[in-house]
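Trainee: Could you walk me through reading ligand shells and strand pairing in a model like this one?

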Amino acid sequence: MSGLKVGIIGATGYGGLELIRFLHNHPEVEKIELFTSSEEGAIFSSKYGHLLTIHDQALKKIEAETLSKFDVVFTSTPSGVTSTLLPPLVGVGPKLIDLSGDYRLKDLNEYEKWYKKTPAPQEIVNLSVYGLTEWNAGNIKSAELIANPGCYPTAVLLSILPLIKERLIDPQHLIIDAKSGVSGAGNKPSQLTHYSEMNENFAIYKVNEHQHIPEIEQAIEMFADAKTSISFNTHLIPMTRGILATTYAPVLPGVTNQQLTDCLLETYKNHPFVRVVTDVASLGTNRVKGSNYCDIFVKLDERTNRATIVGVIDNLVKGAAGQAIQNMNVQFDLPEKTGLDVIPLFI
Ligand SMILES: NC(=O)C1=CN([C@@H]2O[C@H](COP(=O)(O)OP(=O)(O)OC[C@H]3O[C@@H](n4cnc5c(N)ncnc54)[C@H](OP(=O)(O)O)[C@@H]3O)[C@@H](O)[C@H]2O)C=CC1
Ligand SMILES: CC(=O)N[C@@H](CCC(=O)OP(=O)(O)O)C(=O)O
């Protein structure tokens, strides 16, 4: 299908801006309209000067009637918003792709516990499809509502799922240590992201309480058929974009380094956005910056019989807007790279 009409709710946020950047060059997208909850009528390029002459349109009010006429509606809003915003739009026309955490957790008690918000109706959560593209394309294809994965879960899951599924590592003792750039926290200022407190600082936050813990555990059960309790912690790095997540996992008896690497290569041989890096010198956030790539790496520590597994993404692209558009491509039978085939920024 070509000539897609796309609406973006939360266009003024960081995820929204990245959706616009990629959809602007998407050959099958004919029209992009931008919706706001707080700045109706504002000219978008007067808020974001880098879009001058490119997106000079006025921001529109969020109305179900207007949105129902689009082919796709992306929502890039804080958690707790789409749980009430999206149910009236389900099944009335547009494919819905939600970048927030509101539809990712199937157990509503878990959602309430980790997000501390009122959950969406269970029947709508039940029909939502988890949008980890490389692992769920079959279901994504026909989904009415996609729960786009969180940024950390994307980096973690793409790197560890193949090794758990092939029973090369022990899922019961996973220790995951993840670091993120500041754009992961969105554009709303906070104490955590305050420049003078974040710059030249390296901090741990949400210790043992990060909302992505149940999401990662749910996906390990869903895609690799293993129930597990992970240790997962997150750190803020004084840079704008990027996530690097390192998992430490015991390998099962007799497993070799070559088997671990071969498993990743085999799993992703037909997936253009996941690159298996074998030279660690080529691994880092600037190798994926601005792009939809996820770079992964594994190395066995023969002294401890533990594997060190690394996943690297740009949190705003593969961790948010890029994966959301990759999912749209799957839904509309387009090659996954359509509109996303850009080279990382590197420098
Ligand atoms: N930043 C990242 O790296 C990632 C973010 N996410 C998730 O994606 C979502 C968006 O993140 P991000 O873009 O960083 O966040 P931002 O804070 O940058 O932007 C969120 C936008 O949501 C809109 N908004 C706020 N309240 C409401 C409301 N009540 N109704 C409708 N719209 C509202 C605002 O626009 P306006 O005032 O114009 O309506 C705002 O610009 C979040 O749920 C986040 O957790 C997921 C993966 C990665
Ligand atoms: C650096 C930073 O603060 N990152 C955010 C990522 C938030 C996110 O993407 O979370 P949901 O989509 O699950 O709400 C965090 O750690 O909470």
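This is a predicted model: local features need pLDDT of at least 70, side-chain atom pairs count only at pLDDT 80 or more; totals for chains, interfaces and linings use all residues.

Trainee: Which residues surround ligand 2?

Mentor: A residue is near a molecule if its C-beta atom, placed from the backbone, lies within 6 Å of it. Around ligand 2 we find S79, S100, G101, G150, C151, S180, G184, A185, Q211, H212, T234 and L236. That shell has 3 nonpolar, 9 polar and no charged residues, with Gly counted as polar and Cys as nonpolar.

Trainee: Why does ligand 2 lie between the domains?

Mentor: Because domain 1 (4-149 + 318-331) and domain 2 (152-314) both give residues to its shell; the bounds come from an automatic or database domain assignment.

Trainee: How many residues surround ligand 1?

Mentor: There are 29, and the closest are G13, G15, S37, S100 and G186. By class, they are 8 nonpolar, 19 polar and 2 charged.

Trainee: And which strands pair with β11?

Mentor: Strands (E, at least two residues) are DSSP runs, numbered from the N terminus, and two pair if DSSP finds at least two bridges between them. β11 (residues 243-250) pairs antiparallel with β8 (residues 175-180) over 6 bridges and with β14 (residues 306-313), also antiparallel, over 8 bridges. K179 has L244 in β11 as its bridge partner, and T246 stands opposite V310 in β14.

Note on methods: Residues are numbered from 1 along each chain as its sequence is written. Chains are lettered from A and ligands numbered from 1 in the order in which they are written. Helices (H or I, at least four residues) and strands (E, at least two) are DSSP runs, numbered from the N terminus.
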